[in-house]
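Please look over the structure shown here before reading the report that follows. The text takes a few residues in turn and describes their surroundings.

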Amino acid sequence: SSHITFNDCAMANVLRFLKKILDGKGDYRVLTLPDGYQEKVKHAFDKGIECILKCQIIKDGKPTVWCQQHDEITLLPAKARDFELASFTGAGETPDILMLLMSIDSPSSDIVNAVKAGINWLEQHEMKNIKLENFINQDGKKDRRLVQKQGAPPLWARYYDLQNELPFFCDRDGIAKQQLEDIGYERRNGYGWVNDSPQKAIDFYYNQWKYK
């Protein structure tokens, strides 16, 4: 695919690699680059961050979060595999992008605004009092389901609908479903539909980055 790929942290990890070279930390502190390469690395890193900022989804005039993939021309959210529809991502790609942006020293106002907007969206879309439960189904197989549990730690869905911003789940037929149990056994158990990864970004935002 020619799409801009945030899925599985692809783009963010490449930019982290470039940042380590620029910062000269760890194994990279003894790296000697040929003349002009430092500037090329800096240019590539800056263009990558610029691309991230331009891809942040605008909803009702406000920046929100990111999709797993974005069209290389329009920068709009784009579909990946059949069960990976164009959407807002909560768990997975968005918190990883936010952590990358928060690792930048002396961030621009555009970066600051992007982080604030992303954190705000995640806080508004957490799944409260919901637990991902493992159980043995009627066929004697290990299975998963979402159940109500008062006081359960927050979870976030991997995908949120671009129109109503509600969580959805999807099978290989490409049809979005509102409930995890509505998709087939293979995709229900073979994909990370919900997790708590945004909590790390939110905690870092409030505990360190916001006050810097």
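With a relative accessibility of 22%, Cys9 counts as partly exposed, a class that falls between buried (under 20% relative accessible area) and exposed (over 50%), using a 1.4 Å probe and protein chains only. This is a predicted model, in which local features need pLDDT of at least 70 and side-chain atom pairs count only at pLDDT 80 or more, while totals for chains, interfaces and linings use all residues. Residues are numbered from 1 along each chain as its sequence is written, and side-chain values use heavy atoms, with hydrogens and water left out.

Cys9 is found in the loop between β1 and α1, and Asp8 lies in the loop between β1 (4-5) and α1 (10-23); helices (H or I, at least four residues) and strands (E, at least two) are DSSP runs numbered from the N terminus. Neither name is glycine, yet the table lists a positive phi for each.

| Residue | Phi | Relative accessible area |
|---|---|---|
| Asp8 | about 55° | 58%, exposed |
| Cys9 | about 65° | 22%, partly exposed |

Arg188 has its place in helix α5 (residues 185-189), and this residue is buried, with a relative accessible area of 10%. Leaving aside residues up to four places away in sequence, Arg188 touches Asp143, Arg144, Leu180, Glu181, Ile183 and Trp193, where contact means heavy atoms within 4.5 Å.
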